[in-house]
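Q: Could you walk me through reading charged contacts and overall shape in a protein model?
A: Gladly, let's look at it together.

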Amino acid sequence: MTRRRSILALLLALCAVVVTGCAGFPTSGPPEYGLENGNTGSGSQNVVFIPNRPQPGATPQQIVEGFIDAGSGPGVLGNWAVAREFLAPDLADTWKPESGVIVDERAERDYVETGDGVVDFASEVVGTVDDKGAYERADLSPGNWTFELAQQDDGEWRITQAPDGIWLDEAQFPQVFHKYPLMYFDPSYQFLVPDVRWFPVTKAAGRIADALVNHPKSEWLAESVETAFPDGVTAVAVVPTGEEGVSDVALKGDAMLVATADARNRMLTQLEESLRSAGVTDVVMTVESAPIEAEPVTVRSTRVPPAPLVLTEAGFGFLTGDEIGKIPGLSAAVEAASPLSVQVGAERDLAAARLASGAVVRLNAAGTEPEVLDTRPGLIDPVIDPYGVVWSVPQEDPSALRAYLPNGDVVDVVDAWGDATAIAGMALSRDGTRIAAVLSAGGRTVVSVAGVVRDDVVPDRLGEPIPLAVAGGAVVGVTRIGVTWIDDVSVGVLTSGADADSTVIEQVVGAPTSTSTAPAGMASIAGGNGVSSLRLRAEDGTLSVKRGTSWQPTATGIRVLATQQGEPQ
């Protein structure tokens with residue numbers, strides 16, 4: 001940012017607070033930047049945009065351009081007051097900016113004034129956000145909209161017909177809107193499961209509570225998670241109490257008056273954990289101003305130890321410096337099996353592994369022989385869920401997904417990626433509610449995620465998968481592909497060609513895609529507790545960890561980089 005631009009933005013911000021009008025300042029071009037002392041949930045200042053207001057004598061095209069640009073400024077009241085100034089009075093009263101967001105490429109925006117107060121607007125859409133804050137990628141699809149304008153009594157052009165919602169450049173989007181996880185329970189009520197939504201920072205707490213309590217769960221996840229809020233209960237308002245970090249959430253509905261203590265406690269837990277990213281640390285639930293007695297419940301953590309879990313010449317365990325910290329019983333079982341891949345269950349008593357023979361087995365810390373589960377040809381690396389169930393599928397038959405229960409039963413998982421022709425990798429979230437996969441369909445490789453639908457703890461079927469990112473051409477076009485959960489909300493995908501640099505996709509489920517490069521020859525990937533704990537293993541056994549934007553070698557001689565599904569309770 002130039003010094004002149006910084007000073008101008010500051011002056012405009014000061015004018016908005018101190019003076020009633022600053023029409024003398026130049027206001028052509030894109031919105032300026034400023035800073036606002038708001039709580040983002042991360043302790044940092046919010047970058048805000050200061051949209052330009054309509055200028056006297058502006059043409060219809062300039063009015064539409066100004067209106068589109070003003071989508072970047074929700075303002076302190078969160079009602080997009082500046083954008084409304086470009087609208088005729090009747091439309092300004094009914095226009096609904098919060099109905100959705102079109103995320104596009106600013107450089108590709110095109111305006112054509114066709115005459116008689118009509119302006120056609122086109123842009124390349126990279127994503128959309130609906131009225132409940134859910135983001136969906138759009139693969140650079142073209143978008144076209146028509147605006148109608150009329151001259152007002154003062155001779156100035158104003159928009160009389162426009163779609164609801166706003167437009168944001170892809171670079172502006174994560175600054176104007178922030179991501180907030182809505183928290184649901186898994187069906188066993190042991191884990192909290194996040195569903196990322198996007199809201200403007202202004203009034204974020206209210207939007208979060210509204211989406212969590214008053215609206216249905218995301219369709220793709222609805223059958224895989226539970227909410228403690230019964231039908232008929234609505235959130236009316238979120239009001240700060242004056243005590244730092246504490247807010248009242250006003251609820252209404254007769255069901256609140258008869259809810260059990262367990263239900264009330266779970267409701268409070270969902271609210272507190274959902275609102276935490278908006279700077280709310282404690283919640284008081286009220287009905288008709290009367291506090292509702294409730295205490296947050298304890299849930300299982302999905303964090304994993306910071307040390308990588310590896311197989312080396314010295315054995316299997318957690319690598320700290322040059323030492324291997326072994327897992328009682330399980331390390332010996334892994335070492336004896338000498339597998340090609342390993343995923344360790346949260347209790348560290350079981351592991352799913354693929355052997356050099358291609359067979360998928362379940363390893364047991366009790367010291368028994370490997371339990372051979374699947375011997376079909378062409379199996380990919382298996383995964384294990386919180387209940388000790390091992391999941392396995394052949395690369396060339398994604399719909400043939402099977403779940404191997406600890407009691408010996410085998411379940412064919414219904415509706416597993418029926419449109420895909422090949423699968424390169426899969427990863428179960430540590431709470432067992434979501435499964436990410438790298439699939440080949442239509443000649444390209446797509447990263448997708450689907451909800452896991454269970455009958456008690458037994459996998460029944462997969463929900464409809466949603467695409468997250470495109471990882472390249474067909475699965476056979478790359479040497480290696482790996483997929484892992486980086487944390488509760490993010491998926492990491494490694495694609496590695498024979499000679500070219502490796503590519504790492506860091507994909508928050510429900511957010512734009514982030515892609516980076518890594519050195520050539522990377523063979524496997526393992527997540528941890530966020531991007532900073534993401535690790536790669538090269539074919540020569542070098543272990544690398546991400547440091548800023550680069551990958552730094554930290555160890556050598558790694559035969560297998562294992563993944564973990566949590567820590568013991």
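This is a predicted model: local features need pLDDT of at least 70, side-chain atom pairs count only at pLDDT 80 or more; totals for chains, interfaces and linings use all residues.

A: Arginine 109 sits in the loop between β3 (101-104) and β4 (110-115) while aspartate 69 belongs to helix α2 (residues 60-69), so the pair ties together parts 40 residues apart in sequence. Both arginine 109 and aspartate 69 are buried.

Q: Which parts of the chain does the pair of glutamate 567 and arginine 348 link?
A: A salt bridge joins glutamate 567 to arginine 348, with the closest N and O atoms 3.6 Å apart. The pair links distant parts of the chain, 219 residues apart: glutamate 567 is in the segment after β40 (563-564), and arginine 348 is in the loop between β18 (341-344) and β19 (350-354). Glutamate 567 is partly exposed, at 33% relative accessible area.

Q: Is arginine 434 buried or exposed?
A: Buried means under 20% relative accessible area. Arginine 434 has 2%, so it is buried. Its salt-bridge partner is aspartate 431, with the closest N and O atoms 2.6 Å apart, and aspartate 431 is also buried, at 1%.

Q: Which residues gather in a patch of negative charge on the surface?
A: They are Glu219, Asp415, Asp419, Asp455, Asp456, Asp460 and Glu464. Aspartate 455 lies in strand β28 (residues 444-455) and is exposed, with 56% relative accessible area.

Q: How many helices and strands does the protein have?
A: There are 9 helices and 40 strands. The radius of gyration is 26 Å, close to the 25 Å that the globule rule gives for 569 residues, so the protein is as compact as a globular protein of that length.

Definitions and conventions: Residues are numbered from 1 along each chain as its sequence is written. Side-chain values use heavy atoms; hydrogens and water are left out. Patches are made of residues with over 30% relative accessible area and no salt bridge: like charges are joined within 9 Å, nonpolar side chains (Val, Leu, Ile, Met, Phe, Trp, Tyr) within 5 Å. Accessible areas come from the Shrake-Rupley method with a 1.4 Å probe; for residues, only the protein chains shown count as cover. A salt bridge is a side-chain nitrogen of Lys or Arg within 4 Å of a carboxyl oxygen of Asp or Glu. Lys and Arg count as positive and Asp and Glu as negative; His and the chain ends are not counted. The place of a charge is taken as NZ of Lys, CZ of Arg, CG of Asp or CD of Glu. Helices (H or I, at least four residues) and strands (E, at least two) are DSSP runs, numbered from the N terminus. Buried means under 20% relative accessible area, exposed over 50%, partly exposed in between (1.4 Å probe, protein chains only). The radius of gyration is taken over C-alpha atoms; the globule rule is 2.2 Å times the number of residues to the power 0.38.
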